[in-house]
Structure formats: structure tokens, C-alpha cells
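Have the sequence and the coordinates open side by side.

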Amino acid sequence: MTHSTAQAPDPVSRHAAPPHETPAHPNRWAALAVLLIANFMNLLDVTIVNVALPSIEADLGATPEALEWVAAAYVLTFAAGLLPCGRFGDIFGRRKLFLIGLTMFTVTSAVCGFAPTIGTLIAARLAQGIGAAMMVPQVMAIVHVIFPAAEKGRVFGIFGTVASLGSVAGPIIGGALISADIAGLSWRPIFLINLPLGLLALIGTLRSVPDLPRSDRMRVDWAGMALFTLAIILLVLPLIEGRALGWPWWISALMMVSIPAAYAFWRVERHREAAGLTELLPSRLMANGRFMLGLATVTLFFAGIPGLFFILAVFFQSGFDLTPLQSGLTTAPFPIGILLASRLTSRFGERYLSARLSIGALFVACGMGLLQWAIRGTGATLETTDFIAPLAIAGFGMGNAISAMFQSVLLNVPPRDAGSGAGAMQAFQQVGAALGIALIGQIFFGSLATAQGNDLGTAETFKHAAAMAALFPMGAFTIIALVHGVRALQKPPRHGTPPSAASPSVPAPLAE
């Protein structure tokens with residue numbers, strides 16, 4: 001692997017800076033800290049609610065369907081709003097959209113924390129998802145613009161670390177807060193924790209985040225926004241509701257309708273490009289094979305991890321009676337592996353992106369294989385130490401891959417389209433997460449029902465189901481490793497105009 005990496009650097013590594021480079025902002029590191037706090041809040045909120053659902057059910061008398069919507073409402077509005085709100089940032093100002101989204105997210109977190117009924121909680125979660133959709137694309141877009149190319153490798157490594165830690169820390173923090181039962185509030189502190197974090201981020205934004213230039217010539221693409229939102233809802237909503245409803249025919253029909261909706265979106269964007277109008281997702285990005293491969297990679301990448309940790313929580317808690325806190329701590333080797341890898345890979349900057357992504361994905365796939373071995377080898381009593389090596393290896397691979405993947409998608413996106421590009425990437429990240437949770441959940445609960453029908457006993461039943469579910473992420477990361485391994489081994493073209501010499505009227509290719 002070392003030999004192929006050294007012989008086949010990515011084309012972007014031969015240039016000192018992308019053609020769209022902008023001067024570094026003097027307060028960029030302080031701004032990054034503020035932006036990471038906001039992003040961490042969002043990631044925490046996506047996962048922390050899972051461990052609180054039984055407490056919410058008991059406290060508010062929620063039905064199973066209503067309880068599911070406590071988690072689903074946030075994911076749905078968040079995924080649907082990411083790309084439109086990313087473009088709003090390009091048009092109206094990224095700092096302004098970030099402040100509005102951050103304020104809305106913080107206020108709705110308070111409403112969630114003090115919700116008197118399950119209906120109020122669901123409505124607040126819908127609004128909270130909209131606030132997150134306004135806030136999150138601006139994080140990546142601002143980072144993309146204020147940092148020079150030489151520092152982006154380190155920045156995206158930090159960003160990837162925080163992203164992964166936020167996803168995995170949710171169950172640990174949530175379990176600790178619920179167990180502490182602060183002031184007798186039970187589950188409510190999992191939302192109220194956002195209040196001090198949000199206030200800190202608001203103050204920091206006003207002090208450190210620059211008010212970046214916006215384009216006065218860009219206009220809102222309302223038709224594209226409506227079609228994109230429709231396509232995302234038609235895809236994500238069935239994924240969220242399908243398993244609970246038993247996958248009726250109309251659920252599959254809704255997913256199929258998302259295809260013509262996506263095609264209509266593409267046609268509208270092409271028409272607006274021909275007319276010289278602002279596009280929600282620029283056609284030049286959709287026509288770029290590297291960018292679209294990056295979006296496909298993001299979707300598959302994030303289909304593997306959230307669903308895995310969802311079923312591991314059920315496996316540990318329902319199968320072997322671990323507490324929410326114990327379950328979260330058992331997964332701690334994963335973020336530790338991420339931290340270690342992020343420190344090691346930050347020195348590579350923008351070099352060898354495809355090779356790093358391939359090697360990282362291969363480590364994750366190997367970790368998933370070892371995780372299967374640990375699950376199948378579990379006896380009547382679960383030994384948490386058996387999961388240290390598999391999760392640490394998978395985390396190490398994640399830390400290697402995620403920074404390279406983010407850079408692959410965004411590195412050469414022009415600053416004027418940074419919000420749109422970041423919104424698209426994060427929208428497909430959420431689609432991938434919903435897809436992974438649906439598929440892995442279907443495999444897990446389907447295998448669980450089959451094993452229970454064969455009367456295998458509680459431990460054997462959960463072992464069988466968890467081992468079967470772990471096959472999907474192992475396969476997903478194997479595919480990513482193979483695809484980007486082939487790209488890493490491809491020789492760069494000998495002829496053609498280098499990106500730095502490209503005409504200003506022709507968008508430079510996106511980095512691998």
C-alpha cells in the first residue's frame with residue numbers, strides 16, 4: 001500500500017493551491033473553534049435522543065409511532081433543508097444564515113427540553129431540524145473559504161474527528177445525563193445541554209466569524225428547491241417509516257417516485273444554466289464526474305456507521321443488559337481510533353486523497369470483520385474487552401478516510417458555490433445515514449425475528465442478528481476501498497491543460 005501511494009499521487013497534489021484560492025483570514029482558527037461547537041451540537045442531537053426514547057415514552061405517554069417520530073422528524077427536515085439552505089448562504093450571506101440557524105436551533109432545543117406533550121416535542125424537533133439545516137452547511141462553506149489550501153488537510157482532519165466524535169459521543173453523554181437525573185428532569189437535559197453551547201457559539205460567532213462577501217447577482221432557485229426537497233422527502237421518509245409499517249407497497253412506490261423527481265430537478269437546473277440563472281446545485285458540479293463520485297462515496301460511507309452503532313446499542317442493552325452508559329463506553333475505542341488517525345494524517349494535507357480514502361475504508365472493513373468475530377464469539381456473558389480491537393481498528397480507518405473524503409468533494413469547489421457544494425455533500429450524508437439505519441435495521445430485526453422463531457435463546461438470538469447486520473457496513477467499506485484504490489493507482493494524464501491554467505470561464509475539475 002505504501003508503494004502504490006508513493007507512485008500515484010492524486011493530480012491535485014502537484015499544485016500548490018487550487019485555482020480558486022482565497023487569502024487566509026486572520027481569525028480563522030478562532031472561527032473554526034466556534035463553527036465546530038455548532039457542528040458538534042448538531043451531531044450530538046442526531047444520536048443522543050436514541051438512548052432517551054424509553055424515558056420519553058414513560059414520561060409523556062407516547063405511542064411507539066409518535067416515539068419514532070421524535071427521532072425521524074429531525075432527520076427529515078434536516079436532510080431536506082441542507083442543500084436549499086446552503087444556497088441561501090451563498091445568496092444572502094453565510095454568517096447571517098449561520099446566526100439565524102444557530103439561534104433557531106438553540107431556541108427549539110429549549111422547547112424540546114421543556115415540551116409538555118409528545119406533540120409539542122415532535123413539532124419542536126421538526127423546527128430544530130430546520131435550524132440545523134440553516135446552520136450546518138455554512139460551517140463547511142465558511143471553513144472552505146477562510147482557510148488556505150496548505151491548511152485544509154489539517155482543518156478537515158479536525159473537522160472529521162469532531163464529526164465522528166459527535167456521532168459516537170451522543171449515546172455516552174445521553175446515558176450519563178439520564179443516569180444522573182439532574183434536578184429530577186430525567187431525559188430533558190439531553191436537549192437543554194444545547195443552551196449553554198448555543199449561547200457560547202453565538203457569542204463566538206459575533207466576535208470571530210467573518211462576514212464573507214456574497215453574490216449580488218445570485219437569485220433563489222425556487223423551482224429547484226421545491227423539486228430537490230420533494231425528492232429527498234420521497235426517499236428519506238419511506239426509509240424512516242418503512243420498517244415500522246412493514247414495508248407496504250406504497251412505501252416502495254414513494255421511493256420510486258423520488259427518481260422522476262430527481263430527474264425533473266436535474267432538468268430544471270440545466271434549463272436555468274442555459275438561461276444564465278442561479279441554480280440550486282450548479283450543473284457544472286452535477287456534470288463533474290469526480291464531484292458526483294464524491295457524493296456517492298459520502299452516501300455509502302455514512303450508510304455504514306450510524307446504522308451499525310444503532311444496532312450495537314440494541315445488542316448491548318437489550319441482548320446483554322448493559323446500561324446506556326455502559327453501552328456507550330463500550331464503543332469508546334472507536335473515537336479513540338479516530339483521534340489517533342486524525343493526528344497522523346493531518347500532515348498529508350491535500351496529498352494522496354484517493355489512496356488515503358481507500359486505505360482508511362479498508363481498515364474499517366477489516367474492523368467490521370473482526371467485529372463479527374467478536375459478536376459470534378460472545379458467550380452467555382458479554383466481555384466488553386472483546387470489542388476494543390475491532391472498534392479501534394474501524395475508528396482508525398474512519399479517521400484516515402473521512403478527512404480525505406471531505407477534501408475530495410469540496411477542495412476545488414469555487415467559493416461562490418461553497419454553500420451549495422457543502423449543502424449537497426451533507427444532504428447526501430443524511431440520506432446515507434437514513435439508508436444505512438433502514439437497511440441495517442431491517443437486517444438486524446428481520447434476523448432477530450427469524451432467530452426468535454427458532455427458539456435459540458436470548459444471547460444466541462442477538463448474536464445472530466448483530467453478526468448478520470454487520471455484513472452491510474463491511475461490504476460497503478470494501479466497495480469504497482476497491483473503487484478509490486483503483487483511482488489511486490491510475491496514472492495522472494500526461495497531456496491537457498492543468499487546472500491552474502484553465503480559463504476562468506471553465507470551472508477547474510474537482511480534486512479527487
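## A glycine in a helix

Gly 81 sits in helix H4, which covers residues 64–92 (helices are DSSP runs of H or I with at least four residues, numbered from the N terminus). Its relative accessibility is 13%, so Gly 81 counts as buried (buried is under 20% relative accessible area, exposed is over 50%, partly exposed is in between, with a 1.4 Å probe and protein chains only). Gly 129 is 48 residues away along the chain, yet the two C-alpha atoms are separated by 8.2 Å.

A word on the model: it's a predicted one, where local features need pLDDT of at least 70 and side-chain atom pairs count only at pLDDT 80 or more, while totals for chains, interfaces and linings use all residues. Residues are numbered from 1 along each chain as its sequence is written, and side-chain values use heavy atoms, leaving out hydrogens and water.

## Positive phi in two loops

Which phi does Ala 183 have? It's near 55 degrees, a positive value in a residue other than glycine. Ala 183 lies in the loop between helix H7 (149–180) and helix H8 (189–192), and is exposed at 74% relative accessible area.

Asp 321 also has a positive phi, near 60 degrees. You'll find Asp 321 in the loop between helix H13 (289–320) and helix H14 (324–330); with a relative accessible area of 66%, Asp 321 is exposed.

## A tryptophan at the surface

Trp 250 belongs to helix H11, residues 249–274. Its relative accessible area is 39%, so Trp 250 is partly exposed.
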